[in-house]
Amino acid sequence: MMNLRTIGRAITVAAVSLTLAACGINSVPAAEEEAKAKWADVEAQFQRRANLIPNLVEVAQGAAENERAILTEVTEARARATSINVSADDLGDAEAMQNFAAAQGQLGQGLGRLLASFEAYPQIQSNQNYLALQSQLEGTENRIAVAIRDYNEAVRKYNTTIRTFPDTIGANIIHGAEPLVPYSAVTEGAEVAPTIDMTSN
């Protein structure tokens, strides 16, 4: 009799464990942590771009007067972009994400205009520091695009997990999970790396 009770309890515990495992106990926080990790990658690439800009501005200081306005615009846009932070705790805040995207979009557009304007200056285009920075910025824009794509995919998986049965049980009852906001550029084309023609005129 004792053996049957012990076996019955063991079976019950195993069944409950399997049920809980299938209800988002582990899958929901795992998906959330994955999305947060991918957001950290996005932030790192935006920070990399911000760190390159002062060097680009330094190299370009000798540019013609009409480029100074664009240099100033890029410097100010960089200051705005780096002053807006979205932590992992803010990934469910659509307004915070929109403000961050807007600031990054303005910076990307200004940077694209600045680099395009330098096509008319052979002395800038022949500067090895400028060429190296231009190459690094192009690479960084591509890394940003990849990081955003990976983040959005992680958000899609997380949002799907918390909304589908049986994970939704654990997501709503145990975790109180809320959907995360995917990153979307608020300026059309802002998520695309600027096209830069380095040929001399």
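At what angle do helix α2 and helix α6 pack, and how far apart are their axes? In the predicted model, helix α2, spanning residues 27-59, packs against helix α6, spanning residues 128-163, at an angle of about 165°. The axes of the two helices lie 8 Å apart. Because angles over 145 degrees count as roughly antiparallel, α2 is described as roughly antiparallel to α6. The crossing of this pair is left-handed. Sorted by class, the residues in the contact of α2 with α6 comprise 20 nonpolar, seven polar and nine charged.

The loop between α1 (2-21) and α2 contains Asn-26. The relative accessibility of Asn-26 is 55%; since residues over 50% are classed as exposed, Asn-26 falls in the exposed class. Asn-26 and Asp-167 are 141 residues apart along the chain, and a distance of 9.1 Å separates their C-alpha atoms.

The secondary structure of the protein chain consists of seven helices and zero strands, giving the pattern α-α-α-α-α-α-α when read along the sequence. The protein chain has 201 residues, of which 37% count as buried. Among contacts in the protein chain with a separation of 6 or more, 80% involve residues 24 or more positions apart.

Conventions:
Residues numbered from 1 in each chain as written. Predicted model: local features only at pLDDT ≥ 70, side-chain atom pairs only at ≥ 80, totals over all residues. Heavy atoms only, no water. Axes fitted to C-alpha atoms, helices over the stretch in contact; angles between N-to-C directions. Helix = DSSP H or I, 4+ residues; strand = E, 2+ residues; numbered from the N terminus. Parallel < 35°, antiparallel > 145°, perpendicular 65-115°, else oblique. Left-handed = near helix turned anticlockwise from the far one by under 90°. Nonpolar A, V, L, I, M, F, W, Y, C, P; charged D, E, K, R; others polar. Buried < 20%, exposed > 50% of the residue type's maximum accessible area, 1.4 Å probe, protein only. Contact = heavy atoms within 4.5 Å.
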